[in-house]
Amino acid sequence: MADTFANHTGKTAVVTGSSTGIGRAIALEFAAAGATLIVHYNRSKNAAEQTAEMIRERTGVTPAILKQDLIVETELAAFVDRCRSELGEIDTWVNNAGADLLTGSGRDLTAHQKLHKLLAVDVSATVHLSRIVGQKMKTRGSGTILNIGWDQADRGMEGDSGELFATSKNAIMGFSRSLAVSLAPEVRVNCIAPGWIKTAWGEQAPEHWHKRVLDETPLNRWGTPEDIAKTARFLASDDASFVTGQVINVNGGAVR
């Protein structure tokens, strides 16, 4: 039985990049709310299967799992069609997938290569998928789209990572505001801007980063993927029916 808060019973949802981290947490939260899901992955098939199994254990329903490399722009429309073939009409689309440049092989790319990957995955794929899905939702007469920004994008952070992530995430935050106007009133579009969230990078970050997180966060802790997921659940629900075109910081009150 689905939780009563921000209920999604009878609704469908696609969460890109839902094999691990924030995407997995959003998928689990939506499943707890009663939604029927697509779990998407690109490289992490085993992790995607783990997400699906976690959903099955909690809800008794096994979600469909779809693989798609979102960099391949010519395949995005077909990917949306595959999702609709599995789900029927899509009520919520969450563009969570992003380039991992902080752990694994992404750390070793040049700044130019990192920028290229961020623009391809975080920006271009989000824009194209949102426009494809958004038009279908608008024609249908309802739907919600959620994108993922970054709370420090519009105030700045030093270093290569700060510069590059600010470039890509500011683009998504601005795009989300504009798309909300384009698709209104049938479709709502919002963007979540996470702060310091303890995902894979946070788990292995050096001690000085942990100190910085606590110093910069008034609530004096790291955020969790579940903090983001609960916000996503609300924003995609009917309880948020008068909320669109917003960038919502989920960052423990950080302002610097």
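**Figure 1. Contacts across the chain in this predicted model.** Take the contacts between residues at least 6 apart in sequence: 73% of them join residues at least 24 apart. The chain holds 8 helices and 7 strands. Its radius of gyration is 17 Å, close to the 18 Å from the globule rule for 256 residues, so the chain is as compact as a globular protein of that length. Along the principal axes, the C-alpha trace spans about 45 × 35 × 35 Å.

**Figure 2. The largest nonpolar core, with 26 residues.** Ile 26, Phe 30, Leu 37, Ile 55, Leu 146 and Ile 192 have the most contacts inside this core. Two or more residues come from each of β1 (12–15), α1 (21–32), β2 (36–41), α2 (45–59), β5 (143–148) and α8 (225–235). The biggest giver is α1, with 7 residues. In soluble globular proteins, nonpolar side chains tend to be buried together.

**Figure 3. Zooming in on Ile 192 and its contacts.**

**Figure 4. Another core, of 23 residues.** Over the chain as a whole, 50% of the 256 residues count as buried.

**Figure 5. Surface and charges.** The accessible surface comes to about 12000 Å², and carbon and sulfur atoms account for 52% of that. There are 27 positive and 29 negative side chains, with the centres of the two sets 1 Å apart.

Technical notes. Residues numbered from 1 in each chain as written. Predicted model: local features only at pLDDT ≥ 70, side-chain atom pairs only at ≥ 80, totals over all residues. Heavy atoms only, no water. Helix = DSSP H or I, 4+ residues; strand = E, 2+ residues; numbered from the N terminus. Rg over C-alpha atoms; globule rule 2.2 N^0.38 Å. Buried < 20%, exposed > 50% of the residue type's maximum accessible area, 1.4 Å probe, protein only. Contact = heavy atoms within 4.5 Å. Areas by Shrake-Rupley, 256 points an atom, 1.4 Å probe, with all protein chains shown as cover. Lys, Arg positive; Asp, Glu negative; His and termini not counted. Charge placed at Lys NZ, Arg CZ, Asp CG, Glu CD. Core = buried A, V, L, I, M, F, W, Y, C linked by side-chain atoms within 4.5 Å. Lists of a residue's contacts leave out its neighbours within four places in sequence.
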